[in-house]
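Here's a quick briefing to read alongside the structure. Have the 3D view open and click through as you go.

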Protein chains: 2
Amino acid sequence: MEHPENSEEYAGLTVNKGVQQPPMTNPYLNFKARPRRRTLTAADYVEGIRKGDVTLLSQAVTLVESQRSEHQALAQEVIEKCLPYTGNSKRIGITGVPGAGKSTSIDVFGLHVLKQGGKLAVLAIDPSSERSNGSILGDKTRMEKLSTQPNAFIRPSPSAGSLGGVARKTRETIVLCEAAGYDNIFVETVGVGQSETAVHSMVDFFLLIQLAGTGDELQGIKRGIMEMADGIVINKCDGDNVERAKLAAAQFRSALHLFPLPPSGWTPKVLTYSGYYELGIDEVWNMIDQYFAFVRKSGYFDERRREQEKYWMYETINEQLKRNFYTDPVIEEMLQAKKQMVLSARQSSFVAASEVLDYYFQKLKK
Amino acid sequence: MEHPENSEEYAGLTVNKGVQQPPMTNPYLNFKARPRRRTLTAADYVEGIRKGDVTLLSQAVTLVESQRSEHQALAQEVIEKCLPYTGNSKRIGITGVPGAGKSTSIDVFGLHVLKQGGKLAVLAIDPSSERSNGSILGDKTRMEKLSTQPNAFIRPSPSAGSLGGVARKTRETIVLCEAAGYDNIFVETVGVGQSETAVHSMVDFFLLIQLAGTGDELQGIKRGIMEMADGIVINKCDGDNVERAKLAAAQFRSALHLFPLPPSGWTPKVLTYSGYYELGIDEVWNMIDQYFAFVRKSGYFDERRREQEKYWMYETINEQLKRNFYTDPVIEEMLQAKKQMVLSARQSSFVAASEVLDYYFQKLKK
């Protein structure tokens with residue numbers, strides 16, 4: 001936000017660094033009746049968001065993403081005022097190996113959702129995204145059809161220095177989008193670190209996009225992801241790849257059979273489709289609709305959202321407890337020394353840890 | 001350990017609560033020249049352990065398990081002195097669903113290991129074990145053959161109030177056993193909480209004992225366990241269950257094919273056997289030997305043990321940071337209130353967490 005002194009609204013005067021100032025004249029001769037750009041209050045943002053004003057929604061999301069403390073304070077105000085209007089959406093997490101055709105699929109899935117009359121927000125979690133590079137995920141140019149739709153709101157991943165920060169800002173963005181009437185939320189992630197776990201903990205349904213393998217080397221998936229999925233969809237089931245895709249689907253179905261049911265009691269489904277040729281899209285979305293009907297009926301939908309809210313409170317606390325400890329430079333040094341003691345079998349990990357903790361809690365008292 | 005005043009060694013006097021004391025007599029008339037049980041020093045314990053003295057090893061493990069602070073201090077001394085003598089063993093974690101025949105299998109696997117000339121310690125992690133009830137795991141009566149073997153050392157799970165405590169004491173027991181020359185360590189666990197993760201983080205090889213399903217309902221396994229396993233062995237491959245067992249093995253092999261290789265680079269193997277009829281035991285142990293040859297050659301064996309040492313130092317720290325916070329009664333109350341605020345959408349989980357954290361760090365300064 002520019003300092004008011006730099007704005008053109010100062011009656012007739014422009015203040016530019018290093019530029020020779022025009023001579024003072026009678027201000028009333030040069031006065032232009034231009035509306036002053038006033039600073040928006042939290043209430044202004046919320047009012048605009050509630051009306052579905054995309055510009056104000058965008059600006060509010062930018063506030064959320066900002067690292068500046070005055071922005072963060074204002075963002076928290078906006079979020080708090082939006083909280084009563086949240087919850088009325090389907091939150092769907094989407095992940096898949098690179099090359100699985102995620103962007104094309106989100107484009108096609110998104111259009112399908114919009115055709116049924118909803119509004120769609122597409123968000124992304126990519127802890128490696130740098131503001132200067134832009135995030136690969138949520139890149140509008142890769143979602144050609146969606147990016148031209150008025151009822152679609154697409155944002156790249158926030159960058160926030162840590163997965164915890166990125167996850168929090170994404171959840172806060174979900175709050176704003178829901179308050180703005182977006183009743184469908186996609187959160188996409190590529191397989192970086194624990195980002196799938198983070199996404200799984202903020203969505204209702206977790207969709208895994210897979211590919212059929214070629215012969216013996218199947219496209220492996222990251223450990224732990226398969227057990228998170230509520231639906232696995234095999235892409236590129238088209239042309240001469242159809243047989244392979246259907247075989248892969250059968251293999252995944254068998255594998256899932258070996259696992260216990262997820263807490264929802266829902267049997268994860270495996271389907272094939274083609275994002276590029278737009279085949280099987282209805283079936284995928286019918287399956288997702290079935291899921292939502294199933295979990296709403298059983299009460300698991302509400303229960304899971306409550307658990308997620310609690311989870312994020314505890315997760316925030318645990319992250320901060322650790323950060324307070326591990327970012328202390330003296331502690332960092334002590335830990336390096338202790339690591340050597342432990343690795344050379346001179347001290348047990350328990351005693352090493354205890355000594356550093358004792359120092360920490362002593363130090364906090366000062 | 002009994003208080004010395006209660007021991008019989010007090011010259012001629014026995015002190016029992018509620019029992020009428022015998023009249024005082026001339027102590028010299030009743031004096032029995034019994035050697036006074038002197039208090040053992042850490043060096044005493046270590047000397048005995050290094051000689052393979054099972055009685056002293058047992059007593060040292062009891063010290064480790066004790067909740068009394070003077071015992072814990074002595075235990076840590078003993079552990080530290082034993083550290084240089086640790087590491088020379090194969091540590092094998094064993095898990096399986098109830099009914100999979102774990103005890104019988106450990107009995108049979110254990111005998112096989114002893115026949116090849118080694119010494120075997122069988123430990124257990126069961127966070128739900130209560131000292132008064134005794135742990136189901138490590139119950140010697142269930143390992144009929146092993147419990148009579150002089151070179152087998154069997155202990156039930158320690159009880160320690162938390163999984164972290166149980167895991168730590170088990171690892172400390174491993175230290176003592178290795179110093180006593182036990183070159184094979186089994187750590188068994190039943191599927192309680194995160195105990196498999198704890199076991200996986202303290203062993204070299206993780207063995208999952210499974211059963212064939214009956215028709216459509218396969219014996220489900222706990223989420224996440226399959227991806228931890230270095231070997232999956234299907235028990236009860238005998239009699240008219242052979243076909244089903246081999247089919248289950250094929251299904252598991254297929255399923256494993258869908259996952260990426262574990263960090264070791266080792267392809268997890270699936271075998272069938274019969275614990276009760278002692279069939280296929282050689283093959284199972286050949287497979288485990290192949291694993292150890294593989295990871296020793298690649299250097300992964302050493303790397304993993306180093307990672308595990310570091311892991312436990314950080315795990316101990318993280319657990320204590322959390323305990324210090326969550327066991328504070330005022331914090332507990334605040335969290336209950338905050339949970340309600342968050343669940344009723346009156347406050348974001350981030351703000352709720354931040355407020356409790358602010359209070360905590362202020363309080364620590366006093």
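Let's start in chain B: Thr272(B) sits in strand 7, which covers residues 269-272 of that chain. Bear in mind that this is a predicted model.

**Around Thr272(B)**
- Is Thr272(B) buried or exposed? Its relative accessibility is 17%, so Thr272(B) counts as buried, the cut-off being under 20%.
- Setting aside neighbours within four places in sequence, Thr272(B) is in contact with Ile234(B), Cys237(B), Ala245(B), Lys246(B) and Ala249(B).

**How the chains meet**
- Chain A puts 64 residues in contact with 64 residues of chain B.
- Together the two chains bury about 5700 Å², and 69% of that is on carbon and sulfur atoms.
- There are zero salt bridges between chain A and chain B, while four residue pairs (both at pLDDT 80 or more) make polar contacts across the interface.
- On the chain A side, the elements giving two or more residues are helix 4 (69-82), helix 6 (163-179), helix 8 (242-257), helix 10 (300-326), helix 11 (329-343) and helix 12 (349-364).
- Helix 10 of chain A gives the largest share of that side, with 15 residues.
- Sorted by type, the chain A residues that touch chain B come out as 34 nonpolar, 13 polar and 17 charged.

- Why do the copies meet through the same surface? Because 100% of the interface residues of chain A are also interface residues in chain B.

**Salt bridges to look at**
- Over all chains, the count comes to 26 salt bridges.
- Lys310(A) pairs with Glu307(A), and their closest N and O atoms are 3.3 Å apart. These two are three residues apart in helix 10 of chain A, which means about one helical turn separates them. Both count as partly exposed, Lys310(A) at 22% relative accessibility and Glu307(A) at 42%.
- Arg168(B) bridges to Glu172(B), with the closest N and O atoms 3.2 Å apart. Both lie in helix 6 (residues 163-179) of chain B, four residues apart, or about one turn. Arg168(B) and Glu172(B) are both buried.
- Lys51(B) and Glu47(B) form another salt bridge, with the closest N and O atoms 2.9 Å apart. Here Lys51(B) is exposed at 65% relative accessibility, whereas Glu47(B) is partly exposed at 45%.

**Helix 2 of chain A**
- In this helix (residues 42-50), the buried residues include Ala42(A), Asp44(A), Tyr45(A), Val46(A), Gly48(A) and Ile49(A).
- Which elements do the buried residues of helix 2 pack against? They pack against helix 3 (54-65), helix 4 and helix 6 of chain A.
- Just after the helix, Gly52(A) takes a positive phi of about 85 degrees.

- Most residues other than glycine have a negative phi.
- Glu278(A) has a positive phi near 55 degrees. You'll find Glu278(A) in the loop between strand 7 (269-272) and helix 9 (281-298) of chain A, partly exposed with a relative accessible area of 42%.
- Ala345(A) also isn't a glycine, yet its phi is positive at about 60 degrees. Ala345(A) is in the loop between helix 11 and helix 12 of chain A and counts as partly exposed at 25% relative accessibility.

How values were computed:
Residues numbered from 1 in each chain as written. Chains lettered and ligands numbered in written order. Predicted model: local features only at pLDDT ≥ 70, side-chain atom pairs only at ≥ 80, totals over all residues. Heavy atoms only, no water. Contact = heavy atoms within 4.5 Å. Buried area = accessible area lost by both parts, 1.4 Å probe. Salt bridge = Lys/Arg side-chain N within 4 Å of Asp/Glu carboxyl O. Polar contact = N/O pair within 3.5 Å; in protein donor to acceptor, adjacent residues only side chain to side chain. Nonpolar A, V, L, I, M, F, W, Y, C, P; charged D, E, K, R; others polar. Buried < 20%, exposed > 50% of the residue type's maximum accessible area, 1.4 Å probe, protein only.
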